[in-house]
Amino acid sequence: LIKALTEAADLPGALHVLHDRVATPAGGAPTLDMYHTLLAGFARFGVRARRQESVSAAPPGAWILEGEGPWTIFALHELFEGYLRVEPAPHTERRVPPPSPRALAHVLAALRQVSSDDRAYVGAQWTRLMSKLSAPPWQRVRLDTRTSHALRALNVPPLASALGDSIH
């Protein structure tokens, strides 16, 4: 349902379903896949924003939107905070796979879209994500070539453990 609502550009509906899952005792915690679906929506429908000139370390409220719609940097920031709190589903193994290279590409594309490729913002959020994924119980993070190139173009260093492990 979240995927269908996201593909229809209905962010409020998709977030409502996500919230219902959290609020319903039998619903359980949101999965990484649910977040990845929403993040792909931000990459596609995200409203570009630019940092206010007078603010050097722009917190989420220091952005000027360049369009209208619900897919804003403010909504992404809130969603991203939840995404960073998601723990992997329990597995029988000690280590679990991190998000796929494609999912990570969507995360990067979402951050770039809503921030108009703001290097400081993208770098800070990407660093937070890589810090999470570099700690146990996650296995080695893999990036696709396009994501690695995009990070280099933004001067955002990829996680050291992901270097040399790009896939094509």
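Visitor: Which side chain does Asp118 meet in a salt bridge?
Guide: The side chain of Arg51. The N to O distance is 2.4 Å in this predicted model.

Visitor: Where do Asp118 and Arg51 lie?
Guide: Asp118 lies in the loop between α5 and α6, and Arg51 in strand β1. The pair therefore ties together parts that are 67 residues apart in sequence.

Visitor: Is Asp118 buried or exposed?
Guide: Buried, with a relative accessible area of 14%. The cut-off for buried is under 20%. Arg51 counts as buried too, at 16% relative accessibility.

Visitor: How many salt bridges does the structure hold?
Guide: It holds 5. One of them joins the side chains of Arg50 and Glu66, at 3.7 Å from N to O.

Visitor: And where do those two sit?
Guide: Arg50 is in strand β1, residues 49–51. Glu66 is in the loop between β2 (63–65) and α4. They are 16 residues apart in sequence.

Visitor: Which residue pairs with Glu81?
Guide: Arg128, through a salt bridge of 2.7 Å, N to O. Glu81 lies in helix α4 and Arg128 in helix α6, so this bridge ties together parts 47 residues apart in sequence. Glu81 is partly exposed at 23%, and Arg128 is partly exposed at 32%.

Visitor: Switching topic. What's the overall layout of the chain?
Guide: From the N terminus, the elements run α-α-α-β-β-α-α-α-α. That gives 7 helices and 2 strands. Of the 168 residues, 43% count as buried.

Visitor: What about the largest nonpolar core?
Guide: It has 41 residues. Those with the most contacts inside it are Phe42, Tyr83, Leu104, Val107, Trp126 and Leu129. The elements giving two or more residues to this core include α3 (32–45), α5 (101–115) and α6 (119–133).

Visitor: Take Phe42. What does it touch?
Guide: Setting aside residues up to four places away in sequence, Phe42 touches Leu11, Trp71, Thr72, Ala75, Leu76, Leu79, Ala110, Gln113 and Val114.

Visitor: Where is Thr6 found?
Guide: In helix α1. Thr6 counts as buried because its relative accessibility is 4%.

Visitor: What is Thr6 in contact with?
Guide: Beyond its neighbours within four places, Thr6 contacts Ala14, Thr37, Leu38, Gly41, Phe45 and Trp71.

Key. Residues numbered from 1 in each chain as written. Predicted model: local features only at pLDDT ≥ 70, side-chain atom pairs only at ≥ 80, totals over all residues. Heavy atoms only, no water. Helix = DSSP H or I, 4+ residues; strand = E, 2+ residues; numbered from the N terminus. Buried < 20%, exposed > 50% of the residue type's maximum accessible area, 1.4 Å probe, protein only. Core = buried A, V, L, I, M, F, W, Y, C linked by side-chain atoms within 4.5 Å. Contact = heavy atoms within 4.5 Å. Salt bridge = Lys/Arg side-chain N within 4 Å of Asp/Glu carboxyl O.
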